[in-house]
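Let's take a friendly walk through the strands and helices of this protein. Have the structure open as you read.

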Amino acid sequence: MLIERVVAPPLDNNAYLVVDEKSHQAAIVDPALAGEELLGLSEKHGAKVLFILNTHGHPDPTADDDSIRKATGAKIAIFEIDAPRLEKNARETRWFLPAPPPPVKPDLLLKEGSEIRVGDLVFRTMHTPGHTEGSACFHIPSEDALFTGDTLYAGSHGRTDTFGGSPAKMVFSLRRIRELPDRTRVYPGHGPETALEKESWLLDLMYPML
Ligand SMILES: [Zn+2]
């Protein structure tokens, strides 16, 4: 497995290209506005992008969903509860985007345990609400890799005080994440990557959490 991370607008988002080197198949996790750069990287690696995996439906990580689908034919996937946000984003102007994104109809509605295959890599969906009601993490068990979006960052977690957020659900979700193996590498939606064994605060979660 090869992972390329691009730190991209609109909000210093981490956008990831994940390539299965054997099959040259790839997935993009949370493209943000890194579409052109991600497509350049996939070309450089001779990879075909099959899926655009969204950890949640906020307008910043999903901003280039539509343009990448148009360029590659990749399928857009999102946890089913957050799917309506992709249409809703098109109706709202955000200070951090030059224009509202086009409305996006996802191709795949994910549920707890849904598996996305990219060559030999299997991305397993974990429903981890708290940041939004339909936030999800993508776990690749064979590689001990976890894409956490705005649920878990190095040293902290995503905010829970915007529409659809819930501190109680965030605690529940972080506890579930901590049950994965210690060695699990964490690829968050913002900031540096980390590993579960480094995030000792996850062992001491209390509710309420602010
Ligand atoms: Zn978010």
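This is a predicted model: local features need pLDDT of at least 70, side-chain atom pairs count only at pLDDT 80 or more; totals for chains, interfaces and linings use all residues.

## Strands E4 and E5

Strand E4 (residues 48-54) pairs with E5 in the parallel sense, over four bridges. To find this pairing on your screen, look for leucine 53, which stands opposite alanine 77 in E5.

How many residues of strand E5 are buried? Four of the five residues in E5 (residues 75-79) are buried, so the strand is largely enclosed by the rest of the structure. Here, a buried residue has 20 or more other C-beta atoms within 10 Å of its own.

## From E5 to E6

E5 also pairs with strand E6 (residues 108-110): three bridges join them, and they run parallel. Isoleucine 78 has leucine 109 in E6 as its bridge partner. Helix H3 (residues 83-88) belongs to this part too, making a right-handed β-α-β unit together with E5 and E6.

## The six-stranded sheet

Next comes an open sheet of six strands with mixed pairing, in the order E7-E8-E9-E10-E13-E14. Which strands stand at its edges? They are E7 (115-118) and E14 (194-195); each has a single partner strand, so one side of each is left without a neighbour in the sheet.

For E14, look to strand E13 (residues 185-188): the two run antiparallel and are joined by two bridges. Valine 186 is a handy place to start, with threonine 194 in E14 as its bridge partner.

Definitions and conventions. Residues are numbered from 1 along each chain as its sequence is written. A residue is buried if 20 or more other C-beta atoms lie within 10 Å of its own, exposed if 12 or fewer, and partly exposed in between; C-beta atoms are placed from the backbone. Two strands pair if DSSP finds at least two bridges between them. A crossover is right-handed if, with the strands pointing away from the viewer, the path from the first strand over the helix to the second runs clockwise.
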